[in-house]
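Please look at the structure before reading on.

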Amino acid sequence: MTERYSRQVLFPGIGKNGQEALRNKHVLIIGAGALGAANAEMIVRAGVGRITIIDRDYVDFSNLQRQNLYTEQDAIDRIPKADAARKRLLSINSDIIIDSLTLDADADFFERFLSREVVDLIIDGTDNFDIRFIINDAAQKYEIPWVYGACVASGGLSLLIIPGKTPCLHCLMDTIPQAGATCDTAGIISPAVQMTASAQTAEALKWLTGNADALRGTVFSFDLWTNQFSSVDVARLQKPDCPSCGANPVYPFLSYERSTKFAVLCGRDTVQIRPAGIDRRDLHLLFENVKKNADVTHQNAFLLSFKNDPYTVTAFKDGRVFIQGVSSVEESKKVYYRYFQ
Ligand SMILES: [Zn+2]
């Protein structure tokens with residue numbers, strides 16, 4: 001065993017066997033924002049052999065206060081988070097296989113990816129329940145444990161969900177709060193991120209090293225400002241007729257009807273548009289089309305941004321478009337259909 005992991009190998013819960021086990025694991029991290037970045041850094045430093053990290057966004061200055069993998073230069077260049085994360089993570093541990101994907105992880109993605117790849121664990125680094133319910137259904141269908149995590153303001157919560165053993169997120173739909181404060185309305189401090197990610201990564205390490213006895217098995221929640229901590233046993237809330245994990249599962253969130261989707265992004269006066277049936281966009285062609293009437297501000301292999309006051313439009317290679325400077329989804333539709341038909 002190399003010097004790099006010596007302190008972790010000394011820890012009895014991991015040891016030499018646990019370290020060897022980590023080397024052979026593949027962890028899928030959904031989201032490279034605050035939680036995704038914090039989890040990814042710990043997972044990579046711990047020596048998990050392979051990670052795949054996915055994110056739909058690029059680095060913005062408002063991220064730097066809490067998203068620990070990114071630099072000012074990443075924000076200036078609008079580097080996609082997955083790509084910036086990969087570069088930084090490889091500079092931390094070049095011994096790990098790190099794949100980065102800039103895309104919106106939807107039901108189609110999970111079906112394609114999980115039917116092709118062996119994944120030992122999924123870590124939730126997202127910020128919304130639409131995608132968490134898709135992760136939950138995919139995890140149930142492909143029998144992969146996943147670690148739910150959420151944080152806002154000075155608090156957070158996490159839970160490891162194991163198909164066939166624990167209740168799933170769908171079972172807990174009425175128990176776990178889904179609406180209310182977001183980082184948009186309540187703000188967030190970085191200790192809340194690090195604490196939530198630590199709770200997630202700890203369960204991940206236990207699972208990946210075969211320490212099932214040490215798993216917490218509860219919903220862990222805390223508030224670092226009001227000094228409250230709780231650990232709630234939810235084992236009894238597993239529903240035998242749950243549509244996602246029950247006796248006859250239908251995985252409702254994997255079969256969500258395909259259509260153009262508009263989503264307001266947290267804290268950015270930005271709307272994301274994911275057009276139905278378009279998964280590639282010719283950015284060179286787009287550049288030729290817009291250069292006469294708009295000011296192209298950023299261009300790289302992943303995206304093209306142009307400004308036409310008061311809006312900034314960013315088109316991604318995977319077909320998605322961000323419209324910044326809009327106050328509603330309706331307004332974003334007008335701008336979108338002006339440039340993309
Ligand atoms: Zn369930």
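Buried means under 20% relative accessible area, exposed over 50%, and partly exposed in between (1.4 Å probe, protein chains only). The model is predicted: local features need pLDDT of at least 70, side-chain atom pairs count only at pLDDT 80 or more, and totals for chains, interfaces and linings use all residues. Residues are numbered from 1 along each chain as its sequence is written, and side-chain values use heavy atoms, with hydrogens and water left out.

**Zinc site**

Cys 168, Cys 171, Cys 242 and Cys 245 coordinate the zinc ion through their SG atoms, at 2.2 to 2.3 Å. Donors are N, O and S atoms within 2.8 Å of the metal (3.2 Å for Na, K and Ca); water is not among the atoms, so sites may look incomplete. Along the chain, the zinc donors follow the spacing C-x2-C-x70-C-x2-C. The table gives two of the coordinating residues.

| Residue | Relative accessible area | Class |
|---|---|---|
| Cys 168 | 0% | buried |
| Cys 171 | 3% | buried |

**Sheet**

An open sheet of 6 strands has the order β9-β10-β14-β13-β12-β11, with antiparallel pairing. β9 (261–265) and β11 (295–299) are the edges; each has a single partner strand, so one side of each lacks a neighbour in the sheet. Strands are DSSP runs (E, at least two residues), numbered from the N terminus. Two of them pair if DSSP finds at least two bridges between them. β9 and β10 (residues 270–274) run antiparallel and are joined by 5 bridges. Leu 265 has Thr 270 in β10 as its bridge partner.

Methods: Helix = DSSP H or I, 4+ residues; strand = E, 2+ residues; numbered from the N terminus.
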